[in-house]
Amino acid sequence: MACQPAAAVMDEQALLGLNPNADARYRQRAMAYFEQLKESQDAWEVCAEALAKGIYSDDHVKFFCFQVLEHQIRFRHAGLSAVQQQLIRETLMKWLQCQLMNAQPEKPFIRNKAAQVFALTFIMEYLTLWPKFFFDILTLVGLNPHGVDVYLRTLMAIDAEVVDRDILHTAEVVVVVVVVVISSYTQQRSPSRVYFSTCPVTHRAENIERVVFTIIQGAVDFPDPIAQKTCFIILSKLVELWGGKDGMVGFPDFIYKHIVPACFLAPLKPTFDLSDAQTVLTLSECALTLKMIHLKRGPEFIQFLQQDYLPSLQVSPEISQELCQVLQQPDVKVLKNYIKAFFQRAKLFVNLLLSQMSVEELREEACDCLFEIINKGMDPVDKTKLVESLCQVLQSAGFFNVEQEEDVDFLAKFSRLVNGMGQSLVLSWTKLAKAGSVKEAAETLQALEAKVPLLLQLLVHEDDDISANIVGFCYEYLHVLKQLPQLTDQQKANIEAIMLAVMKKLTYDDEYNFENEGEDEAMFVEYRKQLKMLLDRLAQVSPELLLEAVRRVFTNTMQAWQSAAFMEVEVAIRLLYMLGEALPASHGAHFSGDSAKTSALQDMMRTLVSCGVSSYQHTSVSLEFFETVVRYDKFFIVEPQHIPNVLMAFLDQRGLRHNSPKVRSRVAYLFSRFIKTLQ
């Protein structure tokens with residue numbers, strides 16, 4: 001049934017001018033009446049009465065009444081008496097109650113204007129005059145579809161008035177958390193994305209989704225403990241309303257994926273000062289949220305904590321069991337008293353680990369422990385926060401100054417830790433990019449690229465074990481760059497820096513024993529294979545940069561090969577050889593097709609066979625020369641004039657008559673392959 005009309009004194013003649021088809025005289029009178037109601041101290045109250053009692057059925061009159069209320073709230077709210085402010089609140093709630101009783105909903109433009117007035121009232125009165133704004137509305141509307149519709153429109157109006165204007169102030173930011181409630185009105189399975197796909201209002205679902213995660217982030221990161229406390233109060237209320245067994249499908253998953261992590265990550269933040277009185281009050285509300293989750297989910301929640309979540313935080317089984325026992329105590333004061341000690345111990349554990357990084361006897365084990373923490377499965381946004389938090393602490397403690405560290409055993413462990421952090425960021429970016437979370441993916445990419453300078457320090461370190469431990473991160477970072485539509489100048493500079501690092505690390509050292517290769521030599525050969533993978537990936541990301549870099553190194557080295565060390569000459573030829581696989585061609589046809597690539601390879605091959613480097617007196621250079629000649633055997637079809645000189649190199653003391661049996665054996669095989677090509 002509809003709300004029953006009652007008498008109200010309004011200028012009926014002026015109201016006729018609200019109709020779009022009214023003549024100019026009536027429209028002018030309506031405008032004058034509107035100005036009169038706006039400027040009067042109390043004449044607007046007749047509009048409030050009309051809305052509260054549902055006096056008028058004409059949509060234009062209803063819209064007019066909401067416009068008058070909007071003006072009073074937006075421009076004159078501070079000048080209204082307490083009684084008048086209370087009248088506005090009562091008017092809105094009575095109008096909303098009428099919507100629950102009506103068989104048909106109001107027209108969309110009426111509902112939108114009503115939502116705007118609700119939103120303005122919220123901005124003016126929330127946390128001061130109307131702190132139970134959301135509680136009152138949620139209690140009234142329940143699951144009534146007409147009420148739900150107005151509630152959702154109100155949330156989006158708040159988003160438009162507050163969030164979109166980038167004025168997320170202390171009191172205002174906490175409101176956005178209630179958008180989570182939207183998920184309880186749908187029957188979808190995914191709590192983070194498609195919850196909103198069947199909402200009565202869907203044209204701004206993308207804004208709702210953005211706001212949901214903004215407030216979860218605010219609950220964890222917001223610097224004001226009062227705002228954080230309010231966030232947890234609202235979270236607890238949402239769990240109470242929608243987290244039970246009879247709640248909406250999907251909301252329990254949302255609790256476990258987002259609300260539970262917020263309850264633990266916020267107190268574990270370094271900025272969460274457990275000695276501050278306001279922060280302790282926030283912690284109490286956090287504890288109440290956990291208690292409410294237990295009340296609504298029961299043993300299922302305890303099992304989740306013990307088997308999944310707490311182990312991911314490296315909480316010991318004993319402490320985990322202790323916390324779960326306290327959660328199950330009927331007296332909530334027990335939990336409030338315990339929770340501070342719990343987080344003090346948890347923080348102490350992390351701080352202890354970090355402190356051990358400075359103890360020579362323990363820091364390698366501390367690195368291993370932090371590595372295991374980083375590798376635990378987590379939500380991608382939370383994982384990014386965890387990595388960034390750890391990096392900030394490590395950097396402030398001076399651990400990023402790799403060049404000043406002399407303990408290579410520790411650096412090998414530290415390099416492995418950095419590799420784990422980098423790969424975790426890559427995985428987070430991949431998940432966020434696939435999910436279409438543009439803002440979060442961009443933030444994770446920014447965090448990822450901030451680690452590149454540290455990556456380069458470790459990659460070029462003279463100890464190959466330290467360098468090898470970071471190759472995985474480097475490879476996956478290049479894979480990320482490969483997927484980007486366009487590279488920035490900084491990303492191009494990063495690629496070139498990685499190229500130079502790989503070229504440097506491919507170089508043999510003086511201690512390599514070519515005549516009696518043992519375990520150390522075998523390890524370097526394997527390490528070279530890893531570097532080759534990086535070179536191949538570099539070619540996929542930017543073949544032009546790689547080709548130009550190799551050409552520059554090769555040309556400079558060949559111009560002075562007589563005075564260069566053997567390792568410099570060998571690696572220059574080796575790079576030319578590797579280009580054959582890094583820049584693949586069908587059936588080895590490297591000298592046809594792309595003119596830039598063909599010209600560069602042809603110039604380098606011409607230099608190789610004509611500069612005399614085949615006479616260099618070192619087995620590694622000799623072997624690399626012949627390997628490269630056979631790799632690019634199609635070159636001699638294009639420039640056959642070089643065949644005689646190369647044949648002489650195969651047949652004299654540079655090849656088949658070399659004093660090294662190893663060289664003679666390999667050259668014999670390569671010569672047979674070369675001859676077959678020339679036939």
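## A tour of the helix pairs

H28 and H29 cross with a left-handed sense (left-handed if the near helix is turned anticlockwise from the far one by less than a right angle, right-handed if clockwise). This is a predicted model, in which local features need pLDDT of at least 70, side-chain atom pairs count only at pLDDT 80 or more, and totals for chains, interfaces and linings use all residues. Residues are numbered from 1 along each chain as its sequence is written, and side-chain values use heavy atoms, with hydrogens and water left out.

**Stop 1: H28 and H29.** Select residues 595-610 for H28 and 619-631 for H29. Helices here are DSSP runs (H or I, at least four residues; strands are E, at least two), numbered from the N terminus. The two axes come within 11 Å and cross at roughly 135°. That makes H28 oblique to H29. Axes are lines fitted to C-alpha atoms, for helices over the stretch in contact, and angles run from 0 to 180 degrees between N-to-C directions. Under 35 degrees counts as roughly parallel, over 145 as roughly antiparallel, 65 to 115 as roughly perpendicular, and the rest as oblique.

Now show side chains. Met605, Leu608 and Val609 of H28 meet Phe625, Thr628 and Val629 of H29 (contact: heavy atoms within 4.5 Å). By class, that is five nonpolar, one polar and no charged. Ala, Val, Leu, Ile, Met, Phe, Trp, Tyr, Cys and Pro count as nonpolar, Asp, Glu, Lys and Arg as charged, and the others, Gly among them, as polar.

**Stop 2: H18 and H19.** Select 380-396 and 408-435. The axes come within 9 Å and cross at roughly 150°. H18 is therefore roughly antiparallel to H19. The crossing is left-handed. On the H18 side, the contact residues include Val387, Leu390 and Leu394; on the H19 side, they include Phe414, Met421 and Leu425. The contact of H18 with H19 has eleven nonpolar, three polar and two charged residues.

Stay on H19 and pick Asn419. Is Asn419 buried or exposed? Asn419 is buried, with a relative accessible area of 10% (buried is under 20%, exposed over 50%, partly exposed in between; 1.4 Å probe, protein chains only). Leaving out residues up to four places away in sequence, Asn419 touches Asn469, Ile470, Val471, Gly472 and Phe473.

**Stop 3: H11 and H13.** Select 225-242 and 277-297. These axes come within 8 Å and cross at roughly 10°. H11 is thus roughly parallel to H13. The contact includes Ile226, Phe232 and Val239 of H11, and Leu281, Cys286 and Met292 of H13. It has eleven nonpolar, six polar and four charged residues.

Center on Phe232 in H11. Phe232 is buried, at 0% relative accessible area. Which residues does Phe232 touch, not counting residues up to four places away in sequence? They are Ala219, Ala262, Cys263, Ala266, Thr282, Glu285, Cys286 and Thr289.

**Stop 4: H3.** Select 45-53 and color by burial. Val46, Cys47, Ala48, Ala50, Leu51 and Ala52 are the buried residues. Just after H3, Gly54 takes a positive phi of about 60°.

**Zoom out.** The protein has 32 helices and zero strands. Of its 679 residues, 53% are buried. Among contacts with a separation of 6 or more, 71% join residues 24 or more positions apart.
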